[in-house]
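Reader: I would like a close look at one part of this model, the place where the two chains meet. Please take it step by step.

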Amino acid sequence: MTILTSFTHSHERTQHLLSRSVRRIIMDHPSVGYRTFCDTAIPIDDWYAQCVAHDPSVTWVASIDVLLHSRNEAAIGAAISAAIRSGVRWFRIQDVALIDWIRSETDAAIMLAPEVGNHSGAAIDYWMAHVDAQSLSNDVPGSVIQRVTDRHRLEVMVQGPILLQWSQRQYLNGFDQPDVSGYDTEYPGRRLRFWRSAHGTAMLAYFHRCLARDLDALAALNVGYWLVDARGCSDRYLSLALDCYQAPDQGGDVRDLMLALESESGVPQRPGFFRGNGTDQDREVPNSGAMLGVIKEYRAGSHVVMQARANGHTQQAVMAITPTHQVKPLSLGGAVSLTGEPVTTFGCGDWLVLPFQKGVVAKSMVLPL
Amino acid sequence: MPTELLAPAGNREKMQVACRFGADAVYVGGKVFGLRKYADNFTDPELADAVSWVHGLGKKIYVVLNGFAHDDDLRDLQPHLAFLNQIQPDAVIVSDWAVADQVLTRTTIPLHVSTQASVCHWRGVQRWVDRGAKRVILGREVSLADCQDIQDRVPTELEVFIHGAMCASYSGKCVISNYSAGRDANRGGCVQSCRHLYHLESGGQQDTRYMMNAKDLMAVQWLQAGMAMGLASFKIEGRMKSAWYVANATKVYREAMDTIDAAQGAPIDSEQLGRWETQLQQVSNRTFSGGGFATLQDGLNQVDGGYQSAGSFVGTVIQCHDDRSAIDCRVPVSPGDTLSVLTPNGVVPLHVTSLWDVNHRPVTQLGPGALGWVPGRWGVGDVLIR
């Protein structure tokens with residue numbers, strides 16, 4: 001059975017989540033959370049204790065999503081101790097360095113939420129042996145999730161802002177407020193959001209992850225946890241999001257809900273990489289690993305110079321593929337070295353001066369036929 | 001063990017340059033799964049040749065496999081690991097625990113953990129060492145004091161970056177390119193969005209600036225402390241940078257490390273440090289900072305998104321014959337020009353009296369992309385600058 005889960009940073013948000021029957025709540029705290037969107041807070045001991053006191057039967061999760069440094073060791077230690085004292089049975093961490101530390105203090109469960117790092121089935125399987133659950137990186141498509149056997153221990157973010165980058169640097173200096181919006185001038189239509197905390201600066205995407213239109217595919221994956229991440233978003237946004245995923249049949253038309261989410265957040269609602277990851281198409285140039293050489297100089301009417309990138313001989317049948325992917329005939333016959341001696345065999349790095357051959361321009365790859 | 005100087009080798013030319021100018025080790029990428037997909041990188045035969053060549057010099061060579069793998073990458077990785085296991089580089093550099101698992105189970109090659117893994121604390125180092133890592137390359141956010149703490153607690157090889165470009169974010173924690181350009185930043189497709197100009201607004205305030213443009217790292221003033229604490233390796237960033245950059249940075253840091261070593265703990269005078277810093281500033285850079293060595297990382301150049309440089313890279317010597325040297329030319333050179341030749345022993349002026357094409361015919365100019373001959377017998381790997 002899939003469990004809906006979400007973050008809280010305040011008692012008001014907690015009440016809201018409880019009123020909507022969310023039974024797994026992640027407790028965010030600015031001392032150990034890099035994007036809590038909350039820069040004042042009660043002591044973490046009190047925070048955890050008060051959260052649990054709302055309803056001890058809820059699964060409370062202590063979120064520690066800063067990376068471990070010596071300077072935040074005390075704060076993280078305090079968070080771990082506070083969670084233990086409050087009877088919290090789950091931790092949600094980004095840095096794998098915390099696994100052994102938490103294990104040495106408590107037998108509470110650990111969810112690893114690395115942001116980047118569990119993209120392959122093998123990586124997910126690897127971590128299954130070391131933690132109790134995993135929140136998947138947002139660029140893992142459903143087709144990969146489907147191949148994981150322990151899917152009931154996986155969390156998929158179904159709704160919310162996508163974290164693009166997290167820096168330890170304070171790059172919003174000069175702004176009075178921690179919450180800044182803007183855009184990369186090379187992509188002026190894309191509205192980004194930035195958040196400054198004591199831990200650094202986070203950058204959020206110009207759209208929100210929204211799987212409301214992918215509920216059938218999502219449900220078929222049968223993952224353990226659906227995360228509605230409304231950190232930094234309004235209560236109305238949270239309500240609309242819960243309408244989408246909690247009771248999709250009763251919450252109204254999905255298109256209307258998505259429009260309302262878009263209006264409330266000010267950014268488009270998109271599935272992100274859930275349906276497929278296009279970056280997988282951006283791979284090495286085909287055959288580049290098999291190349292015999294590369295053309296370094298093309299002097300029209302005079303000569304062509306190839307640098308060898310493999311061992312070979314000049315009797316080999318070869319072809320050239322130009323930077324515009326045109327296939328050109330090429331002969332290595334008549335090759336001489338830079339010092340003018342005839343070349344019959346060559347090794348990596350050797351230079352071959354060839355008779356002029358039309359169209360075999362600089363940067364062409366030379367491949368065996 | 002003396003601290004190793006580790007230099008980038010984006011291709012064969014830069015590998016030769018790095019070794020010629022004093023690197024103890026180089027790191028290279030193959031055609032599979034390095035983070036610099038748009039560097040030349042090495043074909044398998046070149047990797048085999050490179051390992052043999054570098055070992056012949058008594059130096060070390062590490063192969064980078066530091067992307068975060070998707071399923072298709074892992075499929076390609078298995079035969080590549082089998083090949084690497086045959087040629088036996090001195091280490092492979094990884095970030096992804098699943099890749100590390102394959103390296104450790106399928107090869108006998110030592111494992112180095114990439115800075116992309118953002119290891120910033122001794123507990124993280126300990127976890128990797130327990131898994132079988134021989135060396136951990138620390139996150140660039142780690143201060144020198146923290147390096148000491150880690151070294152004291154976990155007696156393993158630690159490597160730190162000492163020079164070159166830096167990510168704005170925690171390395172390996174950035175996916176801007178994935179969403180903005182459809183290229184995976186953590187599999188070699190970074191489009192360097194952090195170098196772009198951003199317009200920002202908040203509560204009535206507005207600004208347009210290069211908000212995330214990190215200055216380059218220059219850590220020459222921290223070398224002595226790092227060597228004293230026994231750090232295993234100092235790494236120069238930049239497989240995509242020019243041969244001039246590789247030559248200059250390697251030469252300066254080699255000299256600095258040798259000087260510090262010879263000083264046996266005596267302080268290096270500030271004038272000498274200043275000279276090294278001046279030399280490092282000659283090559284294209286985004287201005288410099290000390291990165292995270294002293295304090296929290298700052299060092300942003302929010303005013304200027306470009307580079308500064310004291311000269312231009314003309315070409316690298318690729319062969320010598322009689323009293324001439326062949327170069328691959330990057331900018332136009334004509335008879336009458338005065339160039340400088342950067343050699344391991346210093347900078348030597350070169351007055352270009354004549355030029356010849358690759359067929360030894362006199363020419364009046366060598367243009368960008370041309371190969372040709374200049375006067376003088378220089379060393380292969382020497383670098384010509386203007």
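Which residue in β8(B) is the bridge partner of A:Asp184?

Author: This is a predicted model, and in it A:Asp184 has B:Tyr198 of β8(B) as its bridge partner.

The contact between the chains takes in 65 residues of chain A and 71 residues of chain B. On the chain A side, the elements that give two or more residues include the helices α4 (98-105) and α5 (121-128). Strands on that list include β7 (154-167), β8 (179-184) and β13 (293-299) of chain A. Of these elements, β8(A) supplies the largest share, six residues. By class, the side of chain A that touches chain B has 26 nonpolar, 24 polar and 15 charged residues.

For comparison, here is a helix pair within chain A. Helix α8 (residues 235-246) and helix α9 (residues 254-265) of chain A pack with their axes 10 Å apart, at an angle of about 160°. An angle over 145° counts as roughly antiparallel, and α8(A) is therefore roughly antiparallel to α9(A). The crossing of α8(A) past α9(A) is left-handed. Among the residues that meet there are A:Tyr237, A:Leu240 and A:Cys244 of α8(A), and A:Leu257, A:Ala260 and A:Leu261 of α9(A). The contact of these two helices is made up of eight nonpolar, one polar and three charged residues.

Terms used:
Residues are numbered from 1 along each chain as its sequence is written. Chains are lettered from A and ligands numbered from 1 in the order in which they are written. This is a predicted model: local features need pLDDT of at least 70, side-chain atom pairs count only at pLDDT 80 or more; totals for chains, interfaces and linings use all residues. Axes are lines fitted to C-alpha atoms, for helices over the stretch in contact, and angles run from 0 to 180 degrees between N-to-C directions. Helices (H or I, at least four residues) and strands (E, at least two) are DSSP runs, numbered from the N terminus. Angles under 35 degrees count as roughly parallel, over 145 as roughly antiparallel, 65 to 115 as roughly perpendicular and the rest as oblique. A crossing is left-handed if the near helix is turned anticlockwise from the far one by less than a right angle, and right-handed if clockwise. Two residues are in contact if their C-beta atoms, placed from the backbone, lie within 7 Å. Ala, Val, Leu, Ile, Met, Phe, Trp, Tyr, Cys and Pro count as nonpolar, Asp, Glu, Lys and Arg as charged, and the others, Gly among them, as polar. Two strands pair if DSSP finds at least two bridges between them.
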